[in-house]
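Hi,

Here is the structure I promised to pass on.

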There are 2 protein chains.
Amino acid sequence: MTPPVFAHGSLRLYLLALLEERPRHGYELIQALSEQFGGTYSPSAGTIYPRLAKLEEEGLVTKSTDGRKSVYEITDAGRAELDARRHELDEIENDVTDSVRRLADGVRAEVNDAMRSLRAELASAAREAKRAATRMPAGSAGASSTSHADSSRAVHEADLVLNEFRQQLRTDLRTRAHQGRVSTESVTLLKARLAQVRADVLATLVDTPPN
Amino acid sequence: MTPPVFAHGSLRLYLLALLEERPRHGYELIQALSEQFGGTYSPSAGTIYPRLAKLEEEGLVTKSTDGRKSVYEITDAGRAELDARRHELDEIENDVTDSVRRLADGVRAEVNDAMRSLRAELASAAREAKRAATRMPAGSAGASSTSHADSSRAVHEADLVLNEFRQQLRTDLRTRAHQGRVSTESVTLLKARLAQVRADVLATLVDTPPN
DNA sequence: ATTCGTCACGCGATATATCGCGTCGTTGCA
DNA sequence: TGCAACGACGCGATATATCGCGTGACGAAT
């Protein structure tokens, strides 16, 4: 969705530049980058480690394990590569700084959206639940008898359904309680409806011939 | 700063309960917990893995490596421990849900603060002047039908209702499974009906004006 | 009974590594 | 010359593990 902060090959060069200052381990490089660009952009581990592995494979850095850390050190070949392309570094820094600024603007917009969606939390949950309830295919007019295995699976599935339902409503009610009030009428309604559901489900269990 | 979501020993038991449903690997448990508590609370890896290691050490779970995943499976000793303390689980769920709720409110407040401070420069001066002029006569004599205490009691009552319903249906289904079959249609019906109930209850919560 | 120590525990921070998606460049062929 | 296939790359998500701080529970000592 959002464009990459580092363009093709830029990160590679930038890591090399950081390792020229002094040997560092992977996590240290992540922190260094995060600090360099105002904390707004933190490169993920999935960005750094593959690049370091590649650099090692190319012989531009060496890797040595120290306890649970992996320290990377630049080689002569690495320094040569850096010298050959040092003029690119300034441009990279400019580009990255611009990218980060654009990113920060995006974040601010997203926070605004998040606030809106937080306010709509309850309403949207209600709508979603209603939609899920409406979507009832109810087909499968098959005369298929239920096997033993299916029965066990059904009981287990029912457990999960019950659990999820309970958990959801629990959260719903607490959310509401914290931003307003939960009337006793709601609980009365819940009780009545659940009793009805139980009766209906039991009916389907009894009505089905056990043969 | 913020208090832990899980009290002493609670996480241990909760993990055991999750593993009773089916074997899972560490990351899966993190996701399961995150989902169960509305995505607001995501336990960190540093919370889960030490606990799993301890559980294995105690012989309550077994660990088996599958590719790059580590699958944990509950043992008989684990099930025994769980049976002995199953009554604690509901309380834990209550506590955790409350903690998460408080956490979410905190986050919301913090975001609000951040947004406010962003907008503050222009708006706050005007708003403050207006507030100073009005001076808030503190009327607010609303004949609110539901008091705070009633609301809390309602939530608690709802918990009990939900619990009882779940327990009853669990028993119903198992009884039926022992003397015959439980069809998947019953489960489908249950799911749909529960979704409907949730939607209806949520509707009563949303329709009621908070002030 | 109180307090004092310590031990377990929750958890964020630290640390590493892989997978898969989407995109950008390059290369080679039509 | 145009473009299409391919590979390299950035990066979020997936996955695991340890360290150290602060707190809370619990027993021992007073």
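**Salt bridges and packing**

Arg79(B) is partly exposed, at a relative accessible area of 33% (buried means under 20%, exposed over 50%, and partly exposed in between, with a 1.4 Å probe and protein chains only). Before I go on, some housekeeping: this is a predicted model, where local features need pLDDT of at least 70 and side-chain atom pairs count only at pLDDT 80 or more, while totals for chains, interfaces and linings use all residues. Residues are numbered from 1 along each chain as its sequence is written, chains are lettered from A and ligands numbered from 1 in the order in which they are written, and side-chain values use heavy atoms, with hydrogens and water left out.

Back to Arg79(B): its salt-bridge partner is Asp76(B), with the closest N and O atoms 3.2 Å apart. (A salt bridge here is a side-chain nitrogen of Lys or Arg within 4 Å of a carboxyl oxygen of Asp or Glu.) Asp76(B) counts as exposed, at 60% relative accessibility. The two sit three residues apart in helix 4 (residues 76–84) of chain B, so about one helical turn separates Asp76(B) and Arg79(B). Helices (H or I, at least four residues) and strands (E, at least two) are DSSP runs, numbered from the N terminus. Another pair in chain B is Arg85(B) with Glu81(B), at 2.9 Å from N to O; Arg85(B) is partly exposed, at 23% relative accessibility.

**Between the chains**

Over all chains, a search of the whole structure gives 33 salt bridges, and 13 are found across the interface of chain A and chain B. One of the pairs is Arg174(A) with Asp98(B), whose closest N and O atoms are 2.7 Å apart. This pair runs between chains, from helix 7 of chain A to helix 5 (residues 86–134) of chain B. Are the two partners buried or exposed? Arg174(A) counts as buried, at 6% relative accessibility, whereas Asp98(B) is partly exposed at 29%. Glu157(A) also forms a salt bridge, with Lys191(B), the closest N and O atoms being 4.0 Å apart.

The contact takes 65 residues from chain A and 67 residues from chain B (contact means heavy atoms within 4.5 Å). Together the chains bury about 7,000 Å², 64% of it on carbon and sulfur atoms; buried area is the accessible area (1.4 Å probe) that two parts lose on being put together, summed over both. Arg166(A), Arg174(A) and Arg181(A) supply 10% of the area that chain A buries against chain B, more than any other three residues.

Helix 7 (residues 148–179) of chain A and helix 6 (residues 148–179) of chain B have axes that come within 10 Å and cross at roughly 175°. That makes these two helices roughly antiparallel. (Axes are lines fitted to C-alpha atoms, for helices over the stretch in contact, and angles run from 0 to 180 degrees between N-to-C directions; under 35 degrees counts as roughly parallel, over 145 as roughly antiparallel, 65 to 115 as roughly perpendicular and the rest as oblique.) The residues of this helix contact divide into 14 nonpolar, four polar and eight charged. For those classes, Ala, Val, Leu, Ile, Met, Phe, Trp, Tyr, Cys and Pro count as nonpolar, Asp, Glu, Lys and Arg as charged, and the others, Gly among them, as polar.

The axes of helix 1 (residues 10–21) and helix 3 (residues 45–57) of chain B come within 10 Å and cross at roughly 80°. Helix 1 of chain B is therefore roughly perpendicular to helix 3 of chain B. Their contact has seven nonpolar, one polar and two charged residues.

Helix 1 of chain B also meets helix 2 of chain B, with axes within 11 Å and a crossing of roughly 100°, so this pair is roughly perpendicular too. Among the residues in contact are Leu15(B) and Leu19(B) from helix 1 and Leu29(B) and Leu33(B) from helix 2. By class, there are eight nonpolar, one polar and no charged residues.

The buried residues of helix 2 (residues 26–36) of chain B include Leu29(B), Ile30(B) and Leu33(B). Their cover includes helix 1, strand 1 (24–25), helix 3 and strand 3 (69–74) of chain B. Gly38(B), with a positive phi near 75°, follows helix 2 of chain B.

Cheers
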